[in-house]
Amino acid sequence: MTMAGNGTNGQQYVGTRTIRPDGADKVTGRARFGADYNLAGQLIGKVLRSPHPHARIVSIDTSKAEALPGVKAVITRDDFADMPSEFIPAGEMMMNYKDVTRNVMAREKALYEGHAVAAVAATSAVIAKKALKLIDVTYDVLPHVIDVVEAMQPGAPILHDDLFTVGVEPKPDRPSNVAKRVEISQGDIDAGFKRADVIVEREFKTAPVHQGYIEPHAVLATVSEDGSAEVWVSTQGHYIVRAHCARLLGMDIGKIRVNAAEIGGGFGGKTVVYLEPLALALSRKAKRPVKMVMSREEVFKASGPTSGAVVKVKMGATKDGKFVAGWAELKYQAGAFQGSPVQPGVMCAYAPYEIEHVKVVGYDVVSNRPKVAAYRAPGAPISEYAVESVVDEIAKKLGIDPIQLRMMNAAHEGTKAAYGPKFGPLGLEETLNSIKKTEHWNTPLRKWQGRGVASGFWFNIGGETCVSLTVNEDGTVSLMAGTPDIGGLRASLAAVAADELGIPYDKVRPIIGDTGSLGFNFLTGGSRSAFSGSMAIVEAAKQIKSELCARAAKLWEMKPDEIEYAGGHVKPKVASEKVTPMSLVDFAKVAGKTGGPIGGVGRINAQGAGPSLGTHLVDLEVDPETGRVTILRYTVAQDAGKALHPAYVEGQFQGGAVQGIGWALNEEYIYGADGKLQNAGFLDYRMPVASDVPKIDAIVVEVANPRHPYGVRGVGETPIVPPLGAIANAMENATGIRFTELPMSPPKVLKALKEKYGAGGAGR
Amino acid sequence: MAKHHVEAIVNGDPVEFLCETEETLLDVLRDTLHLTGSKEGCSSGDCGACSVTLDGRLVCSCLVLGCEVGGRTIETIEGMAKGETLHPLQQRFLEHAALQCGICTPGFLVASKALLERNPNPTETEIRYWLAGNLCRCTGYDKIITAVQDAAGAMRKG
Amino acid sequence: MRYEAPESVQGAVALLAAANGDARVLAGGTDLLVQMRADVVEPELIVDIKRIRETRAVTQENGGWRIGAAVTGAELKEHAPLKQAWPGVVEAANLIGSTQVQGRATLGGNLCNGSPAADSVPALIAAGAVAKLAGPHGQRDLPVEDVMLGPRTLALRPGEFVVSFLLPPRPPRSADAYLRFIPRTEMDIAVVGAGVSIAVDGAGTITAARVSLGAVAPRVLLVAEAAQAIIGSRLDDAAQERLAAAARAACRPIDDKRGTTEFRVDVAGVLARRAALIAMDRARTR
């Protein structure tokens, strides 16, 4: 089904609300996600996980497990080669394969509760589970540390004897849990504070949270006798899966073919490998396909929740409201191996604003909890929560409206960011103006209700992208992209292809190709898939159009530069009676006669990704007797550059906002003193349910990104950045209390209310 | 230990299957009957991705044993469309972009259908509370609620 | 693992008595299946009691209501006369989990799972419900407040199971209410639960009351002092304060991932008061 568009500039489908091409399969249960794939003769794989948060693995005896009837393979660290220490860019973070292999399968130590220690493949899940119980692991339990500040203390249990802090002088001679120190600065921070009329300094604390995707990790892998392999997996990056697995298993990249199944949520958490190398190693050993699916408990304990952190912020402003100095110190948990998103956290902290003097320092700290994976604008929600809270305090101290204060200091075209670049056009001011004009902003509130506003920034990325457009014999077009579709991408890409070629939307059939079908594609992350994919389609379409003009030139005995492709037809630039324009369908029918199959491949390393800025507005109510918070109303305004599909852009705003609501109010990893996770399930890891939130009004602002053919900016990540600050600011307005610790759960809120208003005073 | 032999009606068709005692209805649907539309998100009844109706009652199939459903009627997502015609809820979910990754969608559709069969004119609050057992992490629920409201209106018109 | 679905009370009793290993009773399965999946329990025998008529019936008995132990929360909600008589019990049963869970969860299972945070138990205790147990030595009655002794510890003897609950006859101008505190709006286990049943006379003075608190002690509490605090009053501000104070004083809660000790104590007082006000309002308008 299609909906005829009313786009501008010759766009018939881009900018309209088309029905997504994969929609029918998704609403009927036909779509195949990772756990929906099966192969005849497959085995079920299960993982044995460390019950200890920190322990030396002295020995592993798998003999009894191997002897159990139905068990076809058992693997341990002995089945994986050790890797040298080597940093490789992967997404917005750097990856060290020495760490990757150890996270996938522990070697010397178990570094978190849930760390994989062994795995089995058996003819049934029941037998596999029995086999795990028969594996004898001797652990030498060590003291553990989880909290980031505790992990930085001298005398804290050390996770890695070979981890020496990078980025400090003099170079340390003892190992610690601080992997690195990073810093950005511009101007002279001390001079900046001297100029300030008002200075606010605060310390904030956040707890680890999980991406919370509803689909647990799932993979099906089969290795043939000739050493080639095929994998079906729910992932945000099947080329990345291929690369990681090839390295970890010592295979040629070209010998592994990875199919991207439909993916049930990722948000950054499915950009790395957990089960895939295990399934391949088991299949290689058992010579049968192996299917592995994580339980929900395993997802919480053994995938990649984001950092818990401690953030100090100190900001200075003149009495007129000009920000003159911004300082911050970020301490982020990396989990069992280095690589927290402290670097982007540092870079984004003050990025929404033009501030002459900035200094932000960050520490990447390991501790005995799962290795952090990306979570939607990794690092930024935490640092920007802290800064947006302090901005709000400055507004109050100066008696300036919080939107006005942000407007006065908003980064814009030409602003030099403290982290390096000079910005092109930015939409922050437009989002602030949009919020100011809403009925929401102008609605009066009652006692114990509060309104909060906050803005947010995320850079977005481009990256390597390969998309093919193939014209079929009947003139339909097969579009093959290589970035898994996690939220409606195929609809946007099909619209772009249809508009570029001037053909109906439903004549474009988009699929996500496997790794054998297309050149390298970087993963779906960094808000890049619509931005880069559409760019690559423009490139591929150009190739088709140019090819068709060349063929027409031969047919019509004209020069190629006398011919153009417009309105879905190849035609002479100057109309001629001797020549009838040919549609794509016409040409498709004579493709063979005119030179062969018609198609184009866009192979690019997309550059020019533009940051997306957003402003959120929230009203909430606090029950003063219980500390319970109800979100009453929520509005998001964010700059999309150009919304290829407005409904899916709005969907990103709404989804990110609700994740932020959960992070602000109730989500957190709760560890016992024993270092074990106490809430490894959806019952006690409290994500928002439908009755917890109102409708989320979404205002799509469009300040075109001049470096994209349609003006597109990635939008997927920014929406999770402002909610933490907006809700904290609303809480301050509702209660008079500045909450500097997340989540703002009822026991904390009630305690703070009692401290401020007395035991009876907060009531009624 | 011999398996249980169970006969039931699934989406209007008689089925029979063998199952172990500990297999849930969800296990049976997905692994034995190959109806993979119902999803496993948590195995503890907290996410609703496995929602089906059992004798017309909305339940989590991960909380029902396969051997309990002898003689019972089960409706899954696969039975919601009639031939090529999508149910109004399915149609409205597509029109309102009420799905992003789509993993929770079967559960929401089954649950919403059960709601509208009982209450053809629910308020927004009633919809949200009825669907509180269906987790979505992508959409923030907004467009799902709008789609259900719109479908309810369309279905009332008949 | 065996599964049996007897069709009589005696049949169930015989199966449970004969079980050598761990036998579990299955009603709604919303706790049992979760525990089996998490390998917390591995029963050798599952006895499904849903085919036994007495566990599935809702009938009037001597002016009161007898509710089968395996009647689901959703069915209770659809039973208009029962809902009219005992709105607190019915609303409590329909706070367990989600719509899907309420489609299966039962009062019997909620009680016998042995969690002091069970939503329906404070409402049953406030209502003065009595459980009918069946076992190898025959049938006996036990007030619900005496069934759960502590977390996962029941007063049931080996081989006994709960067949039904009897709610007493309702005096005119009486009503009940159940409130719980959870951080979200749905889906959470109660951090505090308060069930209150109140009867008033023609002048609006409380003549009888029962107050029960959940999730604030190792068992669900029947707080006599809280009831005493409001009997004889018209639930004025002073009586409400006394009620809240008595509720707070009765708490012996733990600090856990759902709430701190301090929080539970404070909220117990708040919820007892709010539930009493709702029950009072319902009682006065009958």
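**Two contacts around chain C**

Tutor: Let's start with one pair: the side chains of C:Arg210 and C:Glu145 form a salt bridge, 3.1 Å from N to O. By salt bridge I mean a side-chain nitrogen of Lys or Arg within 4 Å of a carboxyl oxygen of Asp or Glu. This is a predicted model, where local features need pLDDT of at least 70, side-chain atom pairs count only at pLDDT 80 or more, and totals for chains, interfaces and linings use all residues. Residues are numbered from 1 along each chain as its sequence is written, chains are lettered from A and ligands numbered from 1 in the order in which they are written, and side-chain values use heavy atoms, leaving out hydrogens and water.

Student: OK, which domains does chain C have?

Tutor: Domain 1 covers 2-167 and domain 2 covers 174-284; the bounds come from an automatic or database domain assignment. Taken over C-alpha atoms, their centres are 24 Å apart.

Student: How many residues of each are in contact?

Tutor: In chain C, 26 residues of domain 1 touch 24 residues of domain 2, with contact meaning heavy atoms within 4.5 Å.

Student: And how many salt bridges are there between domain 1 and domain 2 of chain C?

Tutor: The count between those two domains is 3 salt bridges. On the domain 1 side, the elements giving two or more residues are helix H6 (87-93), helix H9 (120-127) and strand E8 (148-150) of chain C. Those are DSSP runs numbered from the N terminus (helices: H or I, at least four residues; strands: E, at least two). H9(C) gives the largest share of that side, 6 residues.

Student: What area is buried between those domains?

Tutor: About 2000 Å², and carbon and sulfur atoms give 56% of that. Buried area is the accessible area (1.4 Å probe) that two parts lose on being put together, summed over both.

Student: Switching topic: what about chain B and chain C?

Tutor: Chain B and chain C bury about 2400 Å² between them, 58% of it on carbon and sulfur atoms. In chain B, the residues losing the most area to chain C are B:Arg57, B:Leu63 and B:Glu68, together 26% of what that side buries.

Student: How many salt bridges there?

Tutor: The rule finds 6 across the interface of chain B and chain C. One pair is B:Glu40 with C:Arg37, whose closest N and O atoms are 3.2 Å apart.

Student: Which element gives the largest share of chain B's side?

Tutor: That's E4(B), with 4 residues of the side touching chain C.
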